[in-house]
Amino acid sequence: TETKKYEKFFKNQFVRQTNKLEDTCLIIVDFSESFRLGDMESQVEHLDKFIIDHHKTAQVDENHSIIDSTAPAAASIVQLLCENIIGKLDKELAEILFFGLSTDTGFFKFLDNNSSDIFLLASRLVEAGANPRKTYDFITSGKPFITRKLLGKTLDKAETFFEGKLIIASETMEDTHNFGAEGRDSDALYSLLLAVKNVEAVVFIRQETDKTCTIGFRSRDDVDVSTVASCFGGGGHKNASGACTSGTIETLIPKIKQEF
């Protein structure tokens with residue numbers, strides 16, 4: 001729901017600006033795997049690519065990319081590039097970058113005590129016109145009421161393992177059919193379950209088709225869920241990762257437990 005405002009900027013096909021491929025470079029931000037381009041992958045496979053990413057599991061040609069796994073958000077890397085290339089940022093750009101910084105850091109709650117540089121970046125964006133309160137409202141509001149029902153259903157089925165250190169929740173295709181897919185709010189689910197006493201990691205499995213699931217991983221402190229996600233073809237951050245894999249909720253739960 002928070003990206004609906006920017007829907008008009010997204011295209012469903014690649015539009016070439018020039019017939020000269022040597023004049024064209026594709027800049028990819030916030031991921032490094034070509035398959036994430038979806039149907040566009042085959043249309044742009046011959047273009048030079050430059051990748052800007054911050055995920056620990058990124059594996060790319062370092063000569064044609066900026067990969068900084070210490071950066072909590074790709075937006076922070078983009079901000080530094082903009083400030084050094086453009087100079088002082090205008091209000092519109094500051095708002096967009098603050099939005100990106102806020103979403104990727106969970107509105108700064110995922111940051112550790114070595115994050116002073118990020119708050120310096122954020123302060124410059126606020127000085128340029130970004131509004132923290134309005135950004136938070138923009139990110140967290142506008143959810144359909146029925147998503148609260150779905151959240152309750154998912155919480156009801158959540159199970160604990162390893163003496164409460166791991167919680168696994170799931171959403172079936174029937175749940176999606178009954179409550180709708182619009183505005184599904186897994187972030188709220190993670191926040192509620194990570195607040196449980198003694199919990200160290202939360203996994204959310206969503207059955208997308210009869211044969212495939214998406215899996216979200218979140219953790220606290222030292223548990224590196226990106227290593228678990230990589231076992232299912234995914235990846236991401238140490239404390240926030242994801243994967244899309246074949247299987248069902250019933251077959252995946254034992255495998256996930258085994259990896260943890």
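Predicted model: local features only at pLDDT ≥ 70, side-chain atom pairs only at ≥ 80, totals over all residues.

Colleague: Which residues lie nearest the centre of the largest cavity?

Modeller: Those are L150, T154, E171, D185 and S186, out of eleven lining residues.

Colleague: Which elements supply at least two residues each of that lining?

Modeller: α6 (146-157), α8 (186-194) and β6 (201-207) each do. The largest share is from α6, with four residues.

Colleague: And how does the lining of the largest cavity split by class?

Modeller: Four residues are nonpolar, three are polar and four are charged.

Colleague: Let's move to the sheets. What's the strand order in the three-stranded one?

Modeller: The order is β1-β2-β3; the sheet is open and the pairing is parallel. β1 (25-29) and β3 (65-67) are the edge strands, each pairing on one side only. On average, neighbouring strands in this sheet are turned by 15 degrees against each other, ignoring direction.

Colleague: How many bridges join β2 to β3?

Modeller: Three bridges, with β2 (residues 48-53) and β3 running parallel. As for facing residues, I52 stands opposite I66 in β3.

Colleague: Which helix lies across β1, β2 and β3?

Modeller: That's α2 (residues 74-85), and α2 runs at about 115 degrees to β2.

Colleague: At what angle do α2 and α3 pack?

Modeller: About 150 degrees, with the axes of α2 and α3 (residues 91-104) 8 Å apart. That angle makes α2 roughly antiparallel to α3.

Colleague: Which residues make the contact between α2 and α3?

Modeller: α2 puts in A74, A75, S76, V78, Q79 and C82, while α3 brings L93, L97, G100, L101 and D104. By class, the contact of α2 with α3 has seven nonpolar residues, three polar and one charged.

Colleague: Now the six-stranded sheet. What order are its strands in?

Modeller: β4-β5-β6-β7-β9-β8, in an open sheet with mixed pairing. Its edge strands are β4 (159-161) and β8 (235-236), and each of those pairs on one side only.

Colleague: Do β4 and β5 run parallel or antiparallel?

Modeller: Antiparallel, with three bridges joining β4 to β5 (residues 166-171). F161 stands opposite L166 in β5.

Colleague: Last one: which strands does α10 lie across?

Modeller: α10 (residues 249-259) lies across β4, β5, β6, β7 (212-219) and β9 (240-246). The helix α10 runs at about 155 degrees to β6.

Colleague: Great, I'll go back to the picture with that.

Technical notes
Residues numbered from 1 in each chain as written. Heavy atoms only, no water. Pairing = 2+ DSSP bridges. Axes fitted to C-alpha atoms, helices over the stretch in contact; angles between N-to-C directions. Contact = heavy atoms within 4.5 Å. Parallel < 35°, antiparallel > 145°, perpendicular 65-115°, else oblique. Nonpolar A, V, L, I, M, F, W, Y, C, P; charged D, E, K, R; others polar. 1 Å grid on protein atoms, 1.4 Å probe; cavity = no way out; pocket = protein on both sides within 12 Å on 5 of 7 lines; lining within 4 Å.
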